Number of protein chains: 2
Amino acid sequence: MIITISRQFGSGGRTVGKRVAEKLGIKCYDSEIIEHMAEASGLSRDYIADHAEAPVTAGWLSGVFRPEFAYAPSNQDRMWASQCAVIREIASKGPCVIVGRCADYILHDEVECLRVYIHADEAWRAKRIVDVYGETSDEPLKRIREKDKRRAAYYRVYTDQKFGDARHFDVTLNTGTFGIETCSDIICTLYQEAQQGK
Amino acid sequence: MIITISRQFGSGGRTVGKRVAEKLGIKCYDSEIIEHMAEASGLSRDYIADHAEAPVTAGWLSGVFRPEFAYAPSNQDRMWASQCAVIREIASKGPCVIVGRCADYILHDEVECLRVYIHADEAWRAKRIVDVYGETSDEPLKRIREKDKRRAAYYRVYTDQKFGDARHFDVTLNTGTFGIETCSDIICTLYQEAQQGK
């Protein structure tokens, strides 16, 4: 059974993923996915890191302005295809935690998944990106809202679902309310319960 | 601290609420709220039970057809006002579980709440309403979709929020994945953790 962790920017979802993997003694995939995507697609690591969650709504316009390539897949499409392939490959190797990258959606109909969503209030996340990520932005709230918008747009285009809709997850937790340690413990408990239930 | 439980129809959220209250030794309010609303509003218990979650979009039309009362509050508005008053009164008495009735929204800015959302896949809920509620409907799936639509419309009109958006809850759980007992245990654990954190 795979644990997928979707998360709001600044919510600590990545840290929760790492803690859960440590506690359960399984691997956590996060930035490694970008490395694998680079190998699979031929695009550079930096390009993928910068563009993988870019709003894809530019797609049709870029198509209009490059008529000679109109029927060729865009880089955005190539990234999505390699992302799906990489995530399926990772999942085929056995239990692990996968952070972000729409893994919940990509794997849902194929593999047993515990689908987790981690979020927190804006103010808690704004403080966290300054304290923990060392963000120097004068306006962390603005940065958070931009990232939220971007991630929601990306998720909507590729999954046709609203990002953060509880119905698409087995459990969602607010790290601002419970803290990262408690959330990690709860996910481990639920993972073990769900496995026993199978 | 109050526990509010919002839930999808057929998800077992009401049972979860009762179990949590038993385990924590506090009171669970569910259908009692309707009794109190009847007292507070002068409307009959049956009328409230039938109409409290009716789609409120009929409001403006009913206004058009009763011009002499156009500026008087509709029964729907009176029910909402009494619902808010009853829920605030209940919450003022100390820790308890309140199931449904937008209590999460009504109390959020006023009282410390653990906001819980309980949901499950359609198929699981369809089976449950036949097995547990004894629903005799030939089309339990259709009944579930109608109820979902109704509740979402009601929630949207009065709270201006999307029903089931994880960001408005501290924890959401899928009873179809974990079962009612595990969900109840997790909520008790989180309640105790959140209280220690205060």
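Predicted model: local features only at pLDDT ≥ 70, side-chain atom pairs only at ≥ 80, totals over all residues.
On the side of chain A that touches chain B, strand 4 (113-119), strand 5 (171-174), helix 9 (175-178) and helix 10 (180-197) each supply at least two residues, and helix 10 of chain A gives the most, with 6 residues.

Taken as a whole, the contact draws 24 residues from chain A and 24 residues from chain B. Between them the two chains bury about 2000 Å², of which 58% lies on carbon and sulfur atoms; in chain A, the residues that lose the most area to chain B are A:Arg167, A:Asp170 and A:Phe178, which together account for 25% of what that side buries.

The arrangement of the two chains can be described by a rotation of 180° with 0.0 Å of shift along its axis, which superposes chain A on chain B with an RMSD of 0.0 Å. The two copies are therefore related as by a two-fold rotation axis. Because 100% of the interface residues of chain A are also interface residues in chain B, the copies meet through the same surface.

Turning to the cysteines, the structure holds 0 disulfides over all chains. B:Cys102 is in no disulfide, the nearest cysteine sulfur being that of B:Cys84, 8.3 Å away, and B:Cys102 counts as buried at 5% relative accessibility. B:Cys113 is likewise buried, with a relative accessible area of 9%, and its sulfur lies 8.9 Å from the closest cysteine sulfur, in B:Cys96, which is too far for a bond.

Notes. Residues numbered from 1 in each chain as written. Chains lettered and ligands numbered in written order. Heavy atoms only, no water. Least-squares fit on C-alpha atoms with pLDDT ≥ 70 in both. Contact = heavy atoms within 4.5 Å. Disulfide = S-S within 2.5 Å. Buried < 20%, exposed > 50% of the residue type's maximum accessible area, 1.4 Å probe, protein only. Buried area = accessible area lost by both parts, 1.4 Å probe. Helix = DSSP H or I, 4+ residues; strand = E, 2+ residues; numbered from the N terminus.
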